[in-house]
Amino acid sequence: MKSLVIVSHPYPTQSKIIKSLQQTAEGIENVEVRNLESLYGNNLNGFDVAAEQAAYEDIDRIVFIYPTHWFNITPMLKAYLNEVWTYGWAFGPGGDALKNKQMLVVTSAGASEYTYSHDGLIQSTMDEVLTPMKASALYVGMNYMKPLVFHDVAGANKPHIAQFQQKLLAALSDK
């Protein structure tokens with residue numbers, strides 16, 4: 001299975017977890033990694049739409065790796081989806097470029113899994129927070145996979161990061 005991994009982090013120099021996950025993905029066969037901030041800086045309007053859309057050709061699975069920041073995707077990832085997943089390409093008349101591909105969301109959260117529960121502070125699960133990504137996948141005809149979520153990353157040490165990397169490796173190596 002060929003995968004396209006789209007990575008985004010609003011503060012790349014502060015990233016430990018996302019950077020580690022990106023490095024793991026880069027070492028897997030049949031995986032292409034595109035880091036939005038590395039490619040485009042912080043220019044929310046600077047995407048090479050043709051190049052980004054071409055990256056989806058012959059891909060079976062699209063993986064988004066990003067930190068959940070204020071219960072949302074990163075600004076760069078939102079701008080990317082707005083620009084790249086266009087009418088007529090991803091949806092609308094003739095727009096089936098993403099149809100039947102898999103979407104896997106891989107995200108990190110500084111807070112605990114309990115915080116992301118109905119009994120926790122935000123009274124919402126991470127699955128509920130990720131509803132817009134799920135809705136986007138379903139809207140364009142993709143198969144939305146169970147997200148891979150890493151909680152408590154603010155205090156993650158090397159063994160925890162290694163566990164996160166192993167889980168990502170297993171998910172991306174899965175045929």
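Visitor: Is E52 buried or exposed?
Guide: This is a predicted model, and the answer rests on the computed accessible area. Residues under 20% relative accessible area count as buried. E52 has a relative accessibility of 0%, so E52 is buried.

Visitor: Which residue forms a salt bridge with E52?
Guide: A salt bridge needs a side-chain nitrogen of Lys or Arg within 4 Å of a carboxyl oxygen of Asp or Glu. For E52 the closest N and O atoms of the pair are 2.6 Å apart. The pair links distant parts of the chain, with E52 in helix α3 (residues 49–54) and its partner in strand β2, 18 residues apart. That partner is R34.

Visitor: Which residues are linked with R34 in a network of salt bridges?
Guide: The search of the whole structure finds two salt bridges. In one of them, R34 meets the side chain of E32 at 3.5 Å, N to O. In another, R34 is joined to E52. The residues linked with R34 in the network are E32 and E52.

Visitor: How do R34 and E32 count, as buried or partly exposed?
Guide: The cut-off for buried is under 20% relative accessible area, and partly exposed lies between that and 50%. R34 has 15% relative accessibility, so R34 is buried. E32 has a relative accessible area of 31%, so E32 is partly exposed.

Visitor: Why is helix α1 described as largely enclosed by the rest of the structure?
Guide: Helix α1 spans residues 17–26. Its buried residues are I17, I18, S20, L21, Q22, T24 and A25.

Visitor: Which helix do the buried residues of α1 pack against?
Guide: The buried residues of α1 include I17 and L21. They pack against the strands β1 (3–7), β2 (31–35), β3 (61–67), β4 (102–108) and β6 (148–150). The helix they pack against is α7 (158–173).

Visitor: What kind of aromatic pair do F47 and Y80 form?
Guide: The structure holds nine aromatic pairs. In the pair of F47 and Y80, the ring centres are 5.7 Å apart and the planes are at 80°. F47 lies in the loop between α2 (36–40) and α3 and Y80 in helix α4 (residues 75–84), so the pair ties together parts that are 33 residues apart in sequence. Planes over 60 degrees apart count as edge-to-face, so the pair of F47 and Y80 is edge-to-face.

Visitor: Which residue forms one aromatic cluster with F47 and Y80?
Guide: Both F47 and Y80 are buried. The cluster that holds F47 and Y80 also contains Y40.

Visitor: What is the angle between the ring planes of Y56 and W89?
Guide: Y56 is in the loop between α3 and β3 and W89 in the loop between α4 and β4, 33 residues apart. Both Y56 and W89 are buried. Their ring centres are 5.2 Å apart, and the pair is edge-to-face because the planes are at 80°.

Visitor: Is D119 buried or exposed?
Guide: D119 is found in the loop between β4 and α5 (126–129). Its C-alpha atom is separated by 30 Å from that of Y11, 108 residues apart along the chain. The relative accessible area of D119 is 64%, so D119 is exposed.

Definitions and conventions:
Residues numbered from 1 in each chain as written. Predicted model: local features only at pLDDT ≥ 70, side-chain atom pairs only at ≥ 80, totals over all residues. Heavy atoms only, no water. Buried < 20%, exposed > 50% of the residue type's maximum accessible area, 1.4 Å probe, protein only. Helix = DSSP H or I, 4+ residues; strand = E, 2+ residues; numbered from the N terminus. Contact = heavy atoms within 4.5 Å. Phe/Tyr/Trp six-rings, centres within 6.5 Å; stacked < 30°, edge-to-face > 60°.
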